[in-house]
Amino acid sequence: MIKIRLNDMSYEQDIRELLMAFYPGEMFEYEMAEEKGAGQDKAEAFEAQLVPQEKCSRLPGQAGRKEEDGAIFVLEGMVREDRKSFSLRIISCGSCEFHVFGSLPKALKEEMKHLEEPLMVEYDERTDAKNKIKRRLYALLLERTGKMLPWGSLTGIRPTKIALTRLYQGMTDDEIARFMKNSYYASDEKIALSIDIAKREKSLLEKIDYQRGYSLYIGIPFCPTTCLYCSFTSYPIDQWKERTDLYLDALFRELDYVAMERQGCPMDTVYIGGGTPTSLSQEGLERLLEKVKGTFDFSGVSEFTVEAGRPDSITREKLKVLKHYGVTRISINPQTMKQETLDLIGRRHTVEDVKEKFMMAREEGFDNINMDLIIGLPQEEMEDVRLTMEAVQALGPDSLTVHSLAIKRAARLNIMKEAYKDLKITNTQEMIDLTASYARTMGMNPYYLYRQKNMAGNFENVGYARPGKECIYNILIMEEQQTIIGCGAGTTTKRVIPGENRIERVENVKNVEQYIERVEEMLERKKQLFGTI
């Protein structure tokens, strides 16, 4: 249990996310400071309320006691009334271990000299204040745990955006590396990966019309079953197979509006995801694709993706439908090639099914097939990852997306954590490095990257592809440089305002029944976003 005491919640999310990175799965309890005494400094008033607590025992140059299981500590964060300084400290309610650190970034070493001092910040300058607070908190947690995170104080999901933005500004690789090291204390390996991917993204995006163009995302929120780790908007298709036409009817209302609103604007990419779109019947899938191709101008579309992620949703007839309507890229996602894990996470298909459906897609002429894998699945070790990579290499996909397991609040693995508490979840840098090595052996380069909260090992998700097989939509959704319009339950539309470095968002409701009933409201939200009412 970690208690967080704050007198202002402006930066609570940033503080909590970094704590979660150091203490994944830990419970948090909040306590607001109450101001006492007219004119009294908020920090002094708060400190007057504190019951004296045992301080961390530190013996310079040697180890103290190891942190006990279930130990509690209080993180206290106080902004002073002048909003020019912020005090941040850990008040220990348990024992902790003192660490002697060797090689640390110079900026981090300097930060650690000032842990007892208040931070001087312009509290309302959000970006600068946020980074200063997170750097100080990172140093405090490093001192307490001895753990350095691969991405340092970075908790955002788009680290490559930092590098790409600075490439556009004309900074050199060395200048970007110094900035990321000094600003976030990220490791050399992650900084190099960010720069490498950002340079590749920059090259791939040169042909995109950001000013006028857009991309289209269509959500099909149905799956054969719900996986143990899944938090996406997804409903078992067996419960909806008699009513999917109702969903498509509502979806088509949105598609009609988008086609009208974007008339005359080039559409660059189309991505149909979910859920699992191929959970639809052959007739439903054909109805959807016929609508999309008949409603939008595909003359400028460079990429048309449909996720066929679950092998147990794929038939030869559905593959023929996809091919007939010009789908250029599909994704067949095993997540792992270990049968025991597939059974555990509820995939309801076999390793042999993966192989069979992959070869079937090749036979039907698909020459751009992606495969998704998850590292850190319950009970898997290094050898399991190696065997999965061997099996994937034997199939020879055109691209590979390697995810680090992220357990979100809506996942059964989190909701029913007591039932699954004995499952071992392991993710290491060695596992990540192994997948990267196999990707290189298959002729693939990393081309996009993103992170998620509660990610095992505090690592990242990386997309690898053979030259010419990269998914442009994946880059666009991560770098947020083009308007992407989402249609369907649980989707988000992001309107990029050219020249203003600003993004406006609207979301659709997640619940399918609510979406069907309230589709007109979803249209109104989009009309307000695009100024058409």
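## Helices, spaces and backbone angles

Modeller: The axes of helix α8 (residues 244-261) and α9 come within 10 Å of each other and cross at roughly 10 degrees. This is a predicted model, in which local features need pLDDT of at least 70 and side-chain atom pairs count only at pLDDT 80 or more, while totals for chains, interfaces and linings use all residues. Residues are numbered from 1 along each chain as its sequence is written, and side-chain values use heavy atoms, with hydrogens and water left out.

Biologist: Why is α8 called roughly parallel to α9?

Modeller: Angles under 35 degrees count as roughly parallel, over 145 as roughly antiparallel, 65 to 115 as roughly perpendicular, and the rest as oblique. The crossing of α8 and α9 is roughly 10 degrees, so α8 is roughly parallel to α9. The angle can run from 0 to 180 degrees between N-to-C directions, and the axes are lines fitted to C-alpha atoms over the stretch in contact. Helices themselves are DSSP runs (H or I, at least four residues), as strands are (E, at least two), numbered from the N terminus.

Biologist: Which residues make the contact of α8 with α9?

Modeller: Contact means heavy atoms within 4.5 Å. From α8 the residues include L248, F252 and L255, and from α9 they include R287, L288 and K291. The contact divides into seven nonpolar, two polar and five charged residues.

Biologist: What makes a residue count as nonpolar, polar or charged?

Modeller: Ala, Val, Leu, Ile, Met, Phe, Trp, Tyr, Cys and Pro are nonpolar, Asp, Glu, Lys and Arg are charged, and the others, Gly among them, are polar.

Biologist: Let's move to α6. Why is α6 called oblique to α7?

Modeller: Helix α6 (residues 173-184) and helix α7 (residues 188-204) pack at about 135 degrees, with their axes 10 Å apart. That angle makes α6 oblique to α7. The contact includes I176 and M180 of α6, and I191 and I195 of α7. Its residues divide into five nonpolar, one polar and four charged.

Biologist: And what makes α5 oblique to α6?

Modeller: Their axes come within 10 Å and cross at roughly 140 degrees, and therefore α5 is oblique to α6. Among the contact residues are P159, I162 and L167 of α5, facing I176, F179 and Y184 of α6. By class, the contact of α5 with α6 has eight nonpolar, no polar and two charged residues.

Biologist: Now for empty space. How do you know where it is left?

Modeller: Rolling a probe the size of a water molecule over the atoms shows where empty space remains. On a 1 Å grid over the protein atoms alone, a cavity is a set of points where a 1.4 Å probe fits but cannot get out, and a pocket is an open set with protein on both sides within 12 Å along at least five of seven lines; lining residues have an atom within 4 Å of a point.

Biologist: How many cavities of 30 Å³ or more are found?

Modeller: The search of the whole structure finds one. The largest cavity has a volume of about 40 Å³. Its lining includes Q335, L373 and E380, and β12 gives the most, with three residues. By class, that lining has four nonpolar, three polar and one charged residues.

Biologist: What lines the second largest pocket?

Modeller: There are 18 lining residues, of which E480, Q481, V496, N501 and R502 lie nearest its centre. The pocket has a volume of about 540 Å³, a volume being the space filled by probe spheres set on grid points joined across faces, edges and corners. α5 provides the largest share of the lining, four residues.

Biologist: Last, the backbone. What is phi of Q379 near?

Modeller: Phi of Q379 is near 75 degrees, a positive value in a residue other than glycine. Q379 sits in the loop between β12 and α13. The peptide bond from G274 to G275 is cis, with omega near 15 degrees, and G275 is in the loop between β9 (267-274) and α9 (282-295).
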